[in-house]
Amino acid sequence: MRMKKLFFTFFTLTALSFTSWAQPYKTALGVRVGYPNQVNFTLKHYLGTNWALEFNAGAGYRSAGVDLGFMYHFDIKKVEGLRWYLGAAVDAGTYYRKRYHPVHGYAKHGGFYTGTSIYGGVEYTFSNIPLNLAFDAGPRLQFVPWDHYPDYARVGLTARYTIK
């Protein structure tokens, strides 16, 4: 049994070492504009050929937050540098809003939020310059607070400087 585990580990590491050069870049830093946070600084790092982690930290109108996404990429064979991906993310942050009530008028409301999202997107990495452009969108579910100002979508356009 131990020999099988050792062989499996060796085979997996060998396979990953030969395929880790297939992604167009290893790490990328950039800016993401979108929703729920309007402006984010983003860091994306490939864990192998197709799997990547993305970290975003940003702020929007009366909110600030971070999210961590895990993505799987697929090549689009007809266009070099073009890939589509599926991902899932968790997020957390703070918000402050004014809420209008027809009887009581405006009330200030704020606190901590958490949520999760699934999304799909497309990205293009230029071959002659270190630039990556991406667009993604998908549904988002907010856990805390459940009843105040839920965000139902995740949408973003990203520009990143790629590091091979």
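These are legends for a set of close-up views of one predicted protein model.

View 1. The chain counts 164 residues, and 34% of them are buried. Its exposed surface comes to about 10300 Å², with carbon and sulfur atoms supplying 73% of that. If you look at contacts between residues at least 6 apart in sequence, 49% of them join residues at least 24 apart.

View 2. Mean pLDDT over the protein chain is 84, and 83% of the residues get to 70 or more. Helix H1 (residues 2-19) has the lowest confidence, with a mean of 48. At the other end of the scale sits strand E2 (residues 39-46), the highest, at 97. Zoom in on residues 10-21 and you find pLDDT under 50 throughout. For that stretch the model has 2 contacts beyond four places in sequence.

**View 3. The largest pocket, with strands E5 and E6 in its lining.** The largest pocket holds about 260 Å³ of space. Its lining is made up of 16 residues, and the ones closest to the centre are Pro24, Val79, Glu80, Gly81 and Leu82. Two elements give two or more residues to this lining: strand E5 (82-101) and strand E6 (105-125). Sorted by class, the pocket lining comes out as 7 nonpolar, 4 polar and 5 charged residues.

View 4. Searching the whole structure turns up 2 cavities of 30 Å³ or more. The largest cavity has a volume of about 120 Å³. There are 13 residues around it, and Pro36, Asn37, Asp67, Asp91 and Arg154 lie nearest the centre. Strand E1 (27-35), strand E4 (63-75), E5 and E6 each put at least two residues into the cavity lining.

**View 5. A cis peptide bond at Pro36.** Tyr35 and Pro36 are joined by a cis peptide bond, with omega about 15°. Most peptide bonds are trans. Pro36 sits in the loop between E1 and E2, and it also turns up among the residues nearest the centre of the largest cavity.

**View 6. Arg62 and its positive phi.** Arg62 is in the loop between strand E3 (51-60) and E4. Its phi is near 60°, a positive value in a residue other than glycine. Most residues other than glycine have a negative phi. Arg62 counts as partly exposed because its relative accessibility is 31%.

View 7. Leu43 belongs to strand E2, the element with the highest confidence in the chain. A relative accessibility of 36% is why Leu43 counts as partly exposed. Leu43 and Phe55 are 12 residues apart in sequence, yet their C-alpha atoms are 5.2 Å apart in space. Beyond its neighbours within four places in sequence, Leu43 touches Thr27, Ala28, Leu29, Leu53, Glu54 and Phe55.

View 8. Tyr161 lies in strand E8, and so does Thr162, where the strand covers residues 153-163. Tyr161 has a relative accessible area of 52%, so it is exposed. Thr162 is at 4% relative accessibility and therefore counts as buried. Setting aside neighbours within four places in sequence, Tyr161 is in contact with Thr27, Ala28, Leu29 and Pro130. With those neighbours left out again, Thr162 has contacts with Tyr25, Thr27, Ala28, Thr125, Pro130, Leu131 and Asn132. Tyr161 and Thr27 are 134 residues apart in sequence, with 8.6 Å between their C-alpha atoms.

Conventions: Residues are numbered from 1 along each chain as its sequence is written. This is a predicted model: local features need pLDDT of at least 70, side-chain atom pairs count only at pLDDT 80 or more; totals for chains, interfaces and linings use all residues. Side-chain values use heavy atoms; hydrogens and water are left out. Buried means under 20% relative accessible area, exposed over 50%, partly exposed in between (1.4 Å probe, protein chains only). Contact means heavy atoms within 4.5 Å. Accessible areas come from the Shrake-Rupley method with a 1.4 Å probe; for residues, only the protein chains shown count as cover. On a 1 Å grid over the protein atoms alone, a cavity is a set of points where a 1.4 Å probe fits but cannot get out, and a pocket is an open set with protein on both sides within 12 Å along at least five of seven lines; lining residues have an atom within 4 Å of a point. Grid points are joined across faces, edges and corners, and a volume is the space filled by probe spheres set on the points. Helices (H or I, at least four residues) and strands (E, at least two) are DSSP runs, numbered from the N terminus. Ala, Val, Leu, Ile, Met, Phe, Trp, Tyr, Cys and Pro count as nonpolar, Asp, Glu, Lys and Arg as charged, and the others, Gly among them, as polar. pLDDT is the predictor's confidence in each residue, from 0 to 100.
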